[in-house]
Amino acid sequence: MTTRQEPAAQDLRIGADEVKARLAAGETATLLDVRNDRPWETSAVKIAGAIRIQPADWYIDSSWPKDRLTVVY
């Protein structure tokens, strides 16, 4: 019998440079902006097309496509 092991959180992390490179290479991604209100409101940097989600409302949705990159920041 085999068991499916979930990757550790650190194994799922990638840096901004890798995200940029993958997007530049044409990879499709879902971008989720889960910053707290104040940092989000005062930030001059917001990624076009990112989905804004309140941190308290964020969860992993099992219906998300598994064949594309999902970035939570």
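Predicted model: local features only at pLDDT ≥ 70, side-chain atom pairs only at ≥ 80, totals over all residues.
## Sheet architecture

Three strands make up an open sheet, arranged in the order β2-β1-β3 with parallel pairing. The edge positions belong to β2 (51-52) and β3 (69-72), each of which pairs on one side only.

Strand β1 covers residues 29-33 and runs parallel to β3, to which 4 bridges join it. Within β3, V71 is the bridge partner of L31.

D33 has its place in strand β1. Its relative accessibility is 3%, and D33 therefore counts as buried, the limit for that class being under 20%.

Two side-chain interactions of D33 can be described. With R35, D33 forms a salt bridge with an N to O distance of 2.7 Å; both R35 and D33 are buried. With Y73, the side chain of D33 makes a polar contact of 3.4 Å. When neighbours within four places in sequence are set aside, the residues in contact with D33 are W40, A50, I51, R52, I53 and Y73.

## Salt bridges

Side chains of opposite charge can pair when their charged atoms come close. The model contains 4 salt bridges by the rule applied.

One of them links the side chains of R52 and D37, at 3.0 Å from N to O. Because R52 belongs to strand β2 and D37 to helix α2 (residues 37-42), this pair ties together parts that are 15 residues apart in sequence. R52 is partly exposed, with a relative accessible area of 25%, and D37 is also partly exposed, at 36% relative accessibility.

E18 and R22 form a salt bridge through their side chains, with an N to O distance of 3.3 Å. Both residues lie in helix α1 (residues 16-24), where they are 4 residues apart, about one turn of the helix. E18 counts as partly exposed because its relative accessibility is 36%; R22 is likewise partly exposed, at a relative accessible area of 27%. A network of salt bridges links E18, R22 and E27.

## Nonpolar surface patch

W58, I60 and V72 form a nonpolar patch on the surface, and their accessible area together is about 290 Å². Of these residues, W58 is located in the loop between β2 and β3. W58 has a relative accessibility of 32% and so counts as partly exposed.

Notes
Residues numbered from 1 in each chain as written. Heavy atoms only, no water. Pairing = 2+ DSSP bridges. Helix = DSSP H or I, 4+ residues; strand = E, 2+ residues; numbered from the N terminus. Patch = residues over 30% accessible without salt bridge, like charges linked within 9 Å, V, L, I, M, F, W, Y side chains within 5 Å. Areas by Shrake-Rupley, 256 points an atom, 1.4 Å probe, with all protein chains shown as cover. Buried < 20%, exposed > 50% of the residue type's maximum accessible area, 1.4 Å probe, protein only. Polar contact = N/O pair within 3.5 Å; in protein donor to acceptor, adjacent residues only side chain to side chain. Contact = heavy atoms within 4.5 Å.
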